[in-house]
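Please look over the model below before reading on.

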Amino acid sequence: MAKGSKDSRARSWFIVCPNIEANGVCGLNAEKIATMSEEALCQYVVDRWSTDKRSAACLYCISEAGMKHLHIVLCSTSAFTFSTVKKFLGEKAHIEETMGKKQQVEVLWSSFFVTLVAKKIVLI
């Protein structure tokens, strides 16, 4: 199946939610996002997804151009569809099947954080 088709199934997806102030994320609109701290927003996304069989990691970033966006990994013990992710996060999300395991992504993000100390980044 084509990567990113509605029929694609995987146990882990990597997502970028661009321009969250305009697009919203996870059912939150721009006004609600504006009232939340970066940590609270990431924790909200993680908490909404996570169960005893599902986990998530969320990274809040601000690009050099000032665009606020999220990098998210959603995982489950059983495969779930591209359309499930799209429905959960919103139509503007860029979604791809994760290559590697959640722990590998967390290590990558940790090294990314070290190289961007001057940038505003929150890892939940």
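Predicted model: local features only at pLDDT ≥ 70, side-chain atom pairs only at ≥ 80, totals over all residues.

A search of the whole structure finds zero disulfides. Helix 3, which spans residues 38-49, packs with helix 4, residues 82-89.

**Cysteines**
- A disulfide is a covalent bond between the sulfur atoms of two cysteines.
- C17 has its closest cysteine sulfur in C58, at 7.8 Å, and that is too far for a bond.
- C42 is in no disulfide either; the nearest cysteine sulfur belongs to C58 and lies 3.2 Å away. To count as a disulfide, the two sulfur atoms must be within 2.5 Å.
- C17 has 3% relative accessibility, so this residue counts as buried.
- C42 has 0% relative accessibility and therefore also counts as buried.

**Helix 3**
- Helix 3 has twelve residues, and at 1.5 Å a residue they should span 16 Å. The C-alpha atoms at its ends are 17 Å apart, which agrees.
- Which residues of helix 3 are buried? They are E38, L41, C42, V45, V46 and W49.

**Helix 3 and helix 4**
- Two packed helices are described by the angle between their axes and the distance between the axes.
- For helix 3 and helix 4, the angle is about 135° and the axes are 12 Å apart.
- Helix 3 and helix 4 are therefore oblique to each other.
- Their crossing is right-handed.

Note on methods: Residues numbered from 1 in each chain as written. Heavy atoms only, no water. Buried < 20%, exposed > 50% of the residue type's maximum accessible area, 1.4 Å probe, protein only. Helix = DSSP H or I, 4+ residues; strand = E, 2+ residues; numbered from the N terminus. Expected span 1.5 Å × (residues − 1). Axes fitted to C-alpha atoms, helices over the stretch in contact; angles between N-to-C directions. Parallel < 35°, antiparallel > 145°, perpendicular 65-115°, else oblique. Left-handed = near helix turned anticlockwise from the far one by under 90°.
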